[in-house]
Amino acid sequence: MMAAAKKFSPVWLTLPSLALFLVMLMTPLTLTLLLSFNEYDTMKGAVGGFTLDHYWKVISDGFYLEIFWRTLKIGLLTTLICVVVGVPEAYILSRMNRPWRSLFLMIVLTPLLVSVVVRTFGWSMLLGFEGPINQLFVALGWGKSRLLYTEGAVIAALVHVMLPFMIIPVWTSLQKLDPQVEQAALSFGASRLTAITRVVLPQIMPGILSGGLIVFGLAASSFAIPGLLGGRRLKMVATTVYDQYLHELNWPMGASIAVILLLANLVVMLTCHRVVEGQYRRRLG
C-alpha cells in the first residue's frame, strides 16, 4: 500500500498545476477556436453555426497576407538583431568579474521592471517629429525625418524590450560551460575569434535557440509596441485582431486571425528548433 502511494504521489502533486493550466490556458484557447468557426452577421454579430469562410478570407485576401508577412518579417528581424547584439553581450557579461558582473546583469534586467507601455511612450517621444533624434538631425543639417509609424521604429522598440530575453538564456548556457575548454583551444594556437566560433558558440546553441524562440514568439504577437509606434497604417496581426474584436465587432474573424497566428508561430518555432537542434547534435555528436 505504501509502495503504491509513493509510486503515484508525483502524479497527484502535478494535478494542481495541470488544473491551472487547463483552466487558464486551454479553456480560453478552446473557446477562441470554437468562436472562429461561428458564422457572423453584421446586425447580430456571432450567430453560431459552422463556417470556414473566415479562415478562407484570411488566407486568400492580400490585405491579411500582407499583414502576416509584415509580422513575420518584423519578428525575424527583431530576433536576428537580438542574437547579433545579445550573444556578444552575454559573453562579455559571463567573463566579467564581481562586482561588475552583478552590476551589469542588474542593468540588463532593470528594463523588465518598467511597463512595456511606458517604454513604448518613451520611444514615441524619442522618435517624434520634435523629438531629440530629429533635433540632432536638424543640428547636423540633415533636416527632420519621419521616424514614427515605420517598421524601423517598431523593430527598434521590440529589440529594446526583447533583448533581456535573449541575453539571459545565453548567459545561463555560458555559466554551464567550462572556461578551460576555451583556454584549451587558445593554448593549441586558435585565435580568440576561432575559439569563440568553433568551440564556445556550438556549445551555447541551446541557449541561443531558447532565447530566439522566446523573442520571436513575443515579437510576433506583440500588441502595445506596434499599436503605439506603428499607428493605424502599419498593421500587425495582434493589432488586426484588436480591430476585429473592438472596432469591427467581428469576433469570429478576430478569433480566426488569432488561431492562424498561433499556428504560424508554432510552425516557425518548431521548424527552427528542429533545424538548430539537428545541427547542434551533428556538431557535438
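This is a predicted model: local features need pLDDT of at least 70, side-chain atom pairs count only at pLDDT 80 or more; totals for chains, interfaces and linings use all residues.
**Exercise 1. Describe the protein as a whole.**

Step 1. Count the elements: the protein has 13 helices and 2 strands. Step 2. Take the dimensions. Along the principal axes, the C-alpha atoms fill a box of roughly 85 × 75 × 35 Å. Step 3. Turn to burial: of the 285 residues, 36% are buried. Step 4. The accessible surface is about 17300 Å², and carbon and sulfur atoms account for 71% of that. Step 5. Look at contacts between residues at least 6 apart in sequence; 67% of these join residues at least 24 apart. Step 6. Finish with charge. There are 22 positive and 13 negative charges, and their mean positions lie 12 Å apart.

**Exercise 2. Examine the Glu66 and Arg70 pair. Which helix holds both residues?**

Step 1. Check the bond: the closest N and O atoms of Glu66 and Arg70 are 3.1 Å apart, and the pair forms a salt bridge. Step 2. Find the helix. Both residues lie in α3, residues 62–95. Step 3. Note the spacing: they are 4 residues apart, about one turn of the helix. Step 4. Compare the surroundings. Glu66 is partly exposed at 44% relative accessible area, whereas Arg70 is buried at 11%.

**Exercise 3. Follow the Glu151 and Lys73 pair. How many residues apart in sequence are the parts it ties together?**

Step 1. Start with the bond: the side chains of Glu151 and Lys73 meet in a salt bridge, with an N to O distance of 3.2 Å. Step 2. Glu151 lies in helix α7 (residues 151–176) and Lys73 in helix α3, so the pair ties together parts that are 78 residues apart in sequence. Step 3. Glu151 is partly exposed at 24% relative accessibility. Lys73 is also partly exposed, at 29%. Step 4. Join this pair to the one in Exercise 4: Glu66, Arg70, Lys73 and Glu151 are linked in a network of salt bridges.

**Exercise 4. Study the Lys144 and Glu130 pair. Where in the chain does each residue lie?**

Step 1. The closest N and O atoms of Lys144 and Glu130 are 2.8 Å apart, and the two form a salt bridge. Step 2. Lys144 is in the loop between α6 (132–139) and α7, while Glu130 is in the loop between α5 (116–127) and α6. Step 3. The residues are 14 apart, and the pair links distant parts of the chain. Step 4. Lys144 is partly exposed, with a relative accessible area of 33%. Glu130 has 53%; exposed means over 50%, so Glu130 is exposed. Step 5.

**Exercise 5. Locate Ser191 and give its distance from Glu39.**

Step 1. Ser191 is in the loop between α8 (179–187) and α9 (192–203). Step 2. Its relative accessibility is 38%, so Ser191 counts as partly exposed. Step 3. Ser191 and Glu39 are 152 residues apart in sequence. In space, they are 64 Å apart, C-alpha to C-alpha.

**Exercise 6. Judge the confidence. Which element has the lowest mean pLDDT, and which the highest?**

Step 1. Begin with the whole protein: its mean pLDDT is 84, and 94% of its residues reach 70 or more. Step 2. Go to the elements. Strand β2 (residues 45–46) has the lowest mean pLDDT, 74. Helix α3 has the highest, 91.

Note on methods
Residues are numbered from 1 along each chain as its sequence is written. Side-chain values use heavy atoms; hydrogens and water are left out. Buried means under 20% relative accessible area, exposed over 50%, partly exposed in between (1.4 Å probe, protein chains only). Contact means heavy atoms within 4.5 Å. Accessible areas come from the Shrake-Rupley method with a 1.4 Å probe; for residues, only the protein chains shown count as cover. Lys and Arg count as positive and Asp and Glu as negative; His and the chain ends are not counted. The place of a charge is taken as NZ of Lys, CZ of Arg, CG of Asp or CD of Glu. A salt bridge is a side-chain nitrogen of Lys or Arg within 4 Å of a carboxyl oxygen of Asp or Glu. pLDDT is the predictor's confidence in each residue, from 0 to 100.
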